[in-house]
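Subject: Structure handover

Hello,

Here is the structure you are taking over. Please keep it open while you read the notes that follow.

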Amino acid sequence: MYEVISLVKEYHNQVKKSRSLLKEKTTKLAVNNISMDIREGKIIGLLGINGAGKTTTIKMLSSLLKPTSGELIIDGIDGVENPFEIKKRVNMVAGGERALYWKMTAKENLVYFGTLYNIPKKELEIRISELLSLVGLEEVKDLEVEKYSKGMKQRLQIARGLINNPKYLFLDEPTLGLDVSIAREMRTYVRKLAVEKQKGLVLTTHYITEAEELCDYIYLINEGTIISQGTPHELIQSARLGTEIIVRTNRKTSFTEEVIYPFILKYGNQVIVMDNLLELRVSLKRSNVSDFLGLLITQKIEYESINIAEPTLEATLIELTKQNSIKGEDNNE
Amino acid sequence: MLSFIGETMIEIILETFKRYFITKQRAYPWSFFVSRLIRMAYTMIFSYIVYCLMANRSLTNAFVDVTSTTNYMTYVLVGTIVFTFSVASILSVGRAYMGEVREGTFLSLLLTPASRTAYLLGVYLEQIVRYIPEILIALLFGKLFGVTIVIHNLLDFFISVVVLLMAMFAFGVFMANLMLFLRDTFITQNTVTTIIYLLCGISFPVGFLPYLVRIISYCIPVTLSIDLMRDVLLHHVSIDYGKTIFLIILSFLYYFTGIFLFKISERKHVESFG
C-alpha cells in the first residue's frame, strides 16, 4: 500500500513589485495537508478544477517533487527519505502525444526506457513482448512512433509506464485529446491494469464520466485541500442534490401561471417553466418524486414526456466545489 | 556493488549512444555532417585568404614570438579541428536536456533512477563517434593548403586527447544545465560559439587579446585544449603539465557546477511545467 500522510507543498516565488525594481518573496500553498491511501488493484480518482493541486500531488507521489512536509510511505518504506524506492515502484503516464521518442520504433522506445530502469536484457525482452501484446501493438512494434495514430501513441505510453513493472501507476489525464472510441478503448486498458495486473492506479481527469466509470474511490481537491472523498455513489449522496424532473406538455396545453400554481404552492421556487411555457423543470428530493407525479395526475396535465434524471457525479463535484469556495470566502470575511 | 554500478552505467551510456545515433540518422542523415564540414572549410578558407591575400604570406614578428611558429595554416587547422569538435560536443551535450524538454520526455527521464552523468556520456559518445570521419576529411582538406599533421610523441598526444575529451564533456555538462536553467538553446548556443571563436585562439593567438579578455579566455577550457593540441601536433614539444593539471581542475569545476545547477534547474522545471 502507498500511504500519503498530511502532504504539504509550498512554492516560493519572487514577484516584481509594481513600479519598483525590487522583488518580493511570495509563498503559495499548492497542496495543503493531503492524506490518501493507494491500494493495489484499485483505481483512485483525483479530481478538481484546474490549479486545484492534482498535478503537484502526483509529482510528489512520483518523487519528482520533494514535499515541504508530510510523509510518503510506500510498502512500509519512507519515500521522502528514499526517493529511489519510489522510482522503483511507480511510474507515470501523462496525456497528450509526447513523452515518447517519435523517431524511434515502439520497441526501441521500450528498450531505451527499460535500460534506464536497469532491467536485465533478457528480462526486458520478455517484458517488452508482454507489454506490446497487452496494448495491442505487437504487429507495429518496428514502426516509427511518428507514424502511429494518437490512440496507438497513447497505448505505447501505457506500455512505457509499465516498463519497470510498477506497483503504482499515475495516469495524468490519459485520455486528453482522444476521440470517443479511442478514449473508451483506453478506459478498457486502464480497468484491465487494475483488475488483471493488480496495479494501484491514481487517475486525474477532467472527464467526470470517465472517473465515474473507472474509479473505486475519489478524492475531490480544491485549492490544494481535499474537500470531499468517497466512492462515486457516496459522493453523490453527500452533496444532497435533488432528482431533476422535466415534464413536456403537448402543444394543446401549456404551463400557464394558473396551471402551475398548485406546484409553486407545494415546491416553491424549485419550479421553473421554460421553452414558451411547454416545459416544466423541478428539482426534488428523491422521496418527493412520487408526490410530484401524483400532483401531475390530479391536476390532469396532458404531458408528452416525463424525464427523471438522478444527480450526476459531475453536478455533484461542481456543487461541492461551489460550496467549498463559498465556505472559503465566508471564512476570509 | 561498484561493478554493478559500472555495468548499469555502461548500459545506459551505450543505449543513449544508440538512441541518439538512430534518431539523428533518421532525422537528418547528412545535413549535420555537411554543415559542420562547411563550417570547418569556411574557417580554413577565410584564414587562407587573410594569410595569402592580405598578409602576403608573411607573419609579423609578434605572431611568431607569441605562437613560436611560422606555419600559420597548420596553426589554423589544429585550432579549427579542436574548435569544431568543441562546439559540436559542447552544444550536443548542452542541448540534450532541452531536447528532452521539447520532445516531452524530460519528466519520464527524471522519473527513472538512471545516472544523469551516464546519460550525458552517452550523448557525448555519439558525438565523438560522429566526429571521427569529420576529422579525417578535415585532415585531407588541410592537405589542399599544404598542411600535414605528424604525431611525434604518441603518449603526449594520447594524454592531450584524453584531457581534451574530459574538458569538453565537463563544459558540456555545465552548458546542459545552464541551458535548462535559462530554458533556452538558441541564444545561449550562438553566444557560446561566438565567444569560443573570438576568444579561444582558433585563428590568432590569445596573446593578442587584452589582458582581462585573456583571463576570460583561459577560463574557457577550449583555449587550453587547443594549446595542448598545438604543443603536440604543431610545436612537437612535450605537453605542459602545469597547463594539463589546470585544465583538469577547470573541468572538475565546470562539471560540479553543472551538477549543482541541475538540482536547481530540475526543481524549477518540475515545479513550472507538466
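Strand β3 (residues 43-47) of chain A is mostly covered, with five of its five residues buried. Here buried means under 20% relative accessible area, exposed means over 50%, and partly exposed is in between (1.4 Å probe, protein chains only). Strands (E, at least two residues) and helices (H or I, at least four) are DSSP runs, numbered from the N terminus. Before going further: this is a predicted model, in which local features need pLDDT of at least 70 and side-chain atom pairs count only at pLDDT 80 or more, while totals for chains, interfaces and linings use all residues. Residues are numbered from 1 along each chain as its sequence is written, chains are lettered from A and ligands numbered from 1 in the order in which they are written, and side-chain values use heavy atoms, with hydrogens and water left out.

Back to β3(A). Both of its faces are covered: I43(A), G45(A) and L47(A) are buried on one side, and I44(A) and L46(A) are buried on the other. Two strands count as paired if DSSP finds at least two bridges between them. β3(A) runs parallel to strand β8 (residues 200-204) of chain A, and four bridges join them. In that pairing, L46(A) has T204(A) in β8(A) as its bridge partner. Four bridges also join β3(A) to strand β9 (residues 217-222) of chain A, again in parallel. There, G45(A) is partnered by I218(A) in β9(A).

Another strand of chain A is β11 (residues 243-249), which is mostly covered, with five of its seven residues buried. β11(A) runs antiparallel to strand β13 (residues 279-284) of chain A, and six bridges join the two. R248(A) stands opposite E279(A) in β13(A). β11(A) also pairs with strand β14 (residues 303-309) of chain A, in the antiparallel sense and over six bridges. In β14(A), A309(A) is the bridge partner of E244(A).

Next, the salt bridges. A salt bridge is a side-chain nitrogen of Lys or Arg within 4 Å of a carboxyl oxygen of Asp or Glu. How many salt bridges does a search of the whole structure find over all chains? The search finds 25. One of them joins R127(A) and E123(A), whose closest N and O atoms are 2.7 Å apart. Both residues lie in helix α4 (residues 121-134) of chain A, four residues apart, about one turn of the helix. R127(A) has a relative accessible area of 14%, so R127(A) is buried. E123(A) counts as partly exposed because its relative accessibility is 38%.

In chain B, R19(B) and E100(B) meet through their side chains in a salt bridge (2.8 Å, N to O). This pair links distant parts of the chain: R19(B) is in helix α1 (residues 2-27) of chain B and E100(B) in helix α4 (residues 72-103) of chain B, 81 residues apart. R19(B) and E100(B) are both buried. A salt bridge of 3.8 Å, N to O, also forms between the side chains of R267(B) and E271(B). These two are four residues apart in helix α11 (residues 241-272) of chain B, so about one helical turn separates them. E271(B) has a relative accessible area of 24% and is therefore partly exposed.

Now the aromatic rings. Rings of Phe, Tyr and Trp (its six-membered ring) pair if their centres lie within 6.5 Å; planes under 30 degrees apart count as stacked, over 60 as edge-to-face and the rest as tilted. By this rule there are 21 aromatic pairs over all chains. Why is the pair of Y101(A) and Y112(A) edge-to-face? Their ring centres are 5.7 Å apart and their planes stand at 75°, so the pair is edge-to-face. Y101(A) and Y112(A) are both buried. In chain B, ring pairs link F85(B), Y124(B), Y131(B), F169(B), F252(B), Y255(B) and F256(B) into a cluster.

Last, one residue of chain B. Q127(B) is in helix α6 (residues 116-144) of chain B. Its relative accessibility is 1%, so Q127(B) counts as buried. Leaving out residues up to four places away in sequence, Q127(B) touches K24(B), R36(B), A88(B), S89(B) and S92(B), where contact means heavy atoms within 4.5 Å.

Regards
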